[in-house]
Amino acid sequence: MGIIENLFIELKKQKRRHNLLIFVAVIIAEIAFLYGNYHNKEAVSDGWMILFYNIPIINCVFFPVTIAGFASRLMDLEHKGDMLKCLYTFSTPQKIFFTKYLYGALATVVLVAMQCGSFILSCRILGFDSNFPAKYLLIHGISTFMTCMTLLSIHLLLAFLYRNQAVSISVGILGGFMGFFSIVLPKSIIQKLIPWATFVTSGFVSMDWNRETREIKYYLDKPDYTSVIFCLGWIVLLTCLTLMLLKKSGVEESEKANSGIKTENVLMHKRPIEILKLKGSPAWIAFFIVPAISAAIGTVNYMGNLSILKEGWYSLWTQHTLFLSYFFMPVIIAIFTGCIWRVEHSGTNMNLLITHQKPSMIVLGKYVATCFITSVSLIWVIILYLIAGFVIHIDGELPSGLMHWLVMGILSSWVICAFQVLVSLIIRNFVLPIILAFLCGISGVACIAYDTPYSTPFSLFDLAMNQRELGAINMGSFALSSITFIVASIMIAIMYLSRTDVRSNE
Amino acid sequence: MKNYIIETYDLCKKGGRKYRVKNVNLAVPKRCIYGFLGPNGAGKTTTMKLLLGLIQPDGGAVEILGQKMSPKNRFDINMRTGSLIESPGFYGHLTGQENLEIIARYKNLGTSDIKEALDTVQLYDRKDDKVKNYSLGMKQRLGIAMALMGKPELIILDEPTNGLDPAGINEIRNLIKSIPEKYDSTVIISSHLLSEVEQIADYVGIINKGQMIYQGLLSELEIGDASLEEVFLEMTKGA
């Protein structure tokens with residue numbers, strides 16, 4: 001059977017999966033983000049350059065997670081119903097993979113087309129001149145498409161090989177994080193090698209910021225195709241790797257029927273049940289890796305920009321935590337809560353759980369586990385910060401409010417935990433809560449920008465972690481807002497669990 | 001004193017516009033084995049889920065172990081029951097023993113209960129293997145072990161012999177037969193395998209298209225030479 005016929009079968013399979021809705025949501029979020037930043041600006045003649053400068057940067061934050069989620073959803077429908085067993089009897093792994101790849105490529109074309117459309121739309125909304133040469137839109141479209149395809153090659157392969165969606169999404173987040181940070185580093189060839197950064201490194205509009213006059217000037221550069229060519233290289237390389245791995249792949253993961261460990265007696269574990277359920281699960285790893293990457297890149301960035309960052313320990317803190325608390329902590333928490341609910345949502349485990357435990361205890365157990373791991377992660381952030389500071393010999397005193405920031409940070413992260421425990425309970429889909437957390441993280445930033453920091457769980461956390469920059473916390477509002485969010489989320493979760501019908505085998 | 005461990009009164013559950021279960025009046029006597037029969041999609045599993053409070057009825061009520069089932073006391077009631085609904089639930093990345101431990105800790109049971117359950121379903125040798133590497137039959141045994149552990153007063157088994165080999169079916173059949181005496185419990189078992197139910201059940205309830213069409217002693221159902229299979233097929237004809 002030809003690949004085209006396979007593609008039609010694939011289209012049938014994806015029916016009612018609403019894959020493109022993720023894309024629509026992301027594009028809308030991007031437009032909203034741009035609108036929030038630029039809607040009250042004077043209509044400038046080079047307004048379209050602002051878009052060509054900013055949209056790649058936003059893409060660099062939004063798209064990696066989107067593509068990772070999309071790719072993992074493409075494969076998830078086969079894994080969920082154990083369909084590969086059946087498919088392998090009348091098709092080859094290569095055919096299955098490349099049909100999905102083709103489907104993904106077509107979807108990416110749609111995504112890029114939507115993005116190009118969003119340019120015109122943004123120009124209209126923001127009152128910018130939309131009479132720019134069409135060739136720039138084409139160049140932008142092609143480079144974005146190439147970048148997305150590279151990411152798709154990575155994530156589809158991961159999703160094909162690992163049943164757990166968290167693998168693909170975690171890699172997407174780590175990659176996005178790396179790409180985003182690498183663009184603040186001085187230009188180098190290494191930066192161009194990172195496929196996640198290509199959104200920006202292939203850009204052709206540069207910005208000049210005059211420190212004295214605080215004026216921003218955008219100007220056109222010659223388009224730089226190096227990173228796009230690197231992407232092409234990545235795609236070829238990944239395709240070869242995929243072909244190699246698919247040749248070896250079988251339906252069963254290598255049979256490890258006997259673990260080899262034999263215990264003589266039946267002994268109970270000491271740890272809490274929720275922690276026991278996480279045994280062997282990689283869900284918590286991101287809590288330690290992402291802060292480590294953030295710290296490493298933040299430190300390098302600090303060293304590279306000593307001329308601007310003159311506040312010693314405090315500047316280092318900003319470098320370490322700014323993006324972590326704005327974008328990545330909510331997402332890591334969402335992955336974790338997704339993982340802990342996923343085991344219950346799968347198969348008939350919910351029957352088991354509901355007959356054996358009170359709904360309130362189930363929700364609180366999950367909540368406490370999430371809070372615990374998040375708190376440990378934030379302490380890890382501080383440890384990394386101190387280590388980095390002492391290693392690079394920063395002079396001066398430690399920021400006096402450090403412990404205060406940490407305590408408030410931990411407390412406010414518990415608000416996000418409560419919210420995500422609720423979201424992941426109700427939305428049985430794994431990807432959606434993560435994307436939601438991501439968008440909410442960004443809306444948290446917006447709330448801070450609009451001076452309403454107590455209105456979302458996410459802005460509370462940003463506020464607590466960056467008090468010096470964003471102003472001291474009003475303890476009364478902070479406590480009131482946190483407690484309201486936590487109690488409301490937990491109560492709704494408990495109500496939901498005890499009142500709704502148990503759903504299994506979906 | 002009431003002699004029934006479960007009674008339902010005009011129990012209804014809708015699925016969309018249609019009734020999945022309609023006006024079911026179940027009465028299960030204490031310390032018996034109750035065979036719950038019906039064709040595929042008749043509403044057996046739905047009824048069992050209603051009994052355990054896993055789903056909320058759209059009409060009618062369930063009285064179980066002397067209490068009225070509601071979201072509030074669901075947990076207290078279920079502490080005294082053991083169940084296997086649909087296929088067995090399990091955490092694949094944990095070992096068989098750890099899976100039982102999770103249930104045991106929820107129910108405040110001890111290591112001796114885990115060991116006994118493992119022995120009962122003959123999984124003791126494989127207790128340290130991850131459940132995702134178990135065969136279908138072994139997963140089923142694990143599910144049965146979860147239901148039996150701690151000798152609950154009421155045991156609800158939804159097609160417990162799914163995926164078991166002939167020897168396994170025989171073994172589980174003997175096990176279930178011995179439960180009322182050994183555990184002093186009541187067993188509700190649903191199955192398509194009529195010959196099996198015929199061998200172990202005292203009472204039977206037959207459900208078809210969401211409605212009960214027979215309930216009573218098995219001995220009263222089998223008139224003359226007609227086997228349970230013949231009676232069943234006759235009753236559910238035109239389903």
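This is a predicted model: local features need pLDDT of at least 70, side-chain atom pairs count only at pLDDT 80 or more; totals for chains, interfaces and linings use all residues.
In chain A, the domain assignment gives domain 1, spanning residues 3-252, and domain 2, spanning residues 273-499. The centres of domain 1 of chain A and domain 2 of chain A, taken over C-alpha atoms, are separated by 26 Å, and the contact between them takes 22 residues from domain 1 and 24 residues from domain 2. On the side of domain 1 of chain A that touches domain 2, the elements that give two or more residues are helix 2 (19-38), helix 3 and helix 7 (165-182) of chain A, of which helix 7 gives the most, with 10 residues. The residues of this side of domain 1 divide into 16 nonpolar, 5 polar and 1 charged.

The contact of chain B with chain A takes 32 residues from chain B and 34 residues from chain A. On the side of chain B that touches chain A, two or more residues each come from helix 2 (74-78), helix 3 (96-106) and helix 4 (111-120) of chain B, and the largest share, 7 residues, is that of helix 3 of chain B. This side of chain B comprises 13 nonpolar, 9 polar and 10 charged residues.

The largest nonpolar core has 192 residues, and those with the most contacts inside it are A:Val331, A:Ile332, A:Ile335, A:Ala418 and B:Ala145. Helix 3 of chain A (residues 47-80) gives the most to this core, with 18 residues. Apart from this core lies another, of 9 residues, including A:Leu316, A:Leu378, A:Val381 and A:Ala388. When neighbours within four places in sequence are left aside, A:Ala418 is in contact with A:Tyr367, A:Phe485, A:Ile486, A:Ser489 and A:Ile490.

Definitions and conventions
Residues are numbered from 1 along each chain as its sequence is written. Chains are lettered from A and ligands numbered from 1 in the order in which they are written. A nonpolar core is a set of buried Ala, Val, Leu, Ile, Met, Phe, Trp, Tyr and Cys residues joined through C-beta atoms within 7 Å. A residue is buried if 20 or more other C-beta atoms lie within 10 Å of its own, exposed if 12 or fewer, and partly exposed in between; C-beta atoms are placed from the backbone. Helices (H or I, at least four residues) and strands (E, at least two) are DSSP runs, numbered from the N terminus. Two residues are in contact if their C-beta atoms, placed from the backbone, lie within 7 Å. Ala, Val, Leu, Ile, Met, Phe, Trp, Tyr, Cys and Pro count as nonpolar, Asp, Glu, Lys and Arg as charged, and the others, Gly among them, as polar. Domain bounds come from an automatic or database domain assignment.
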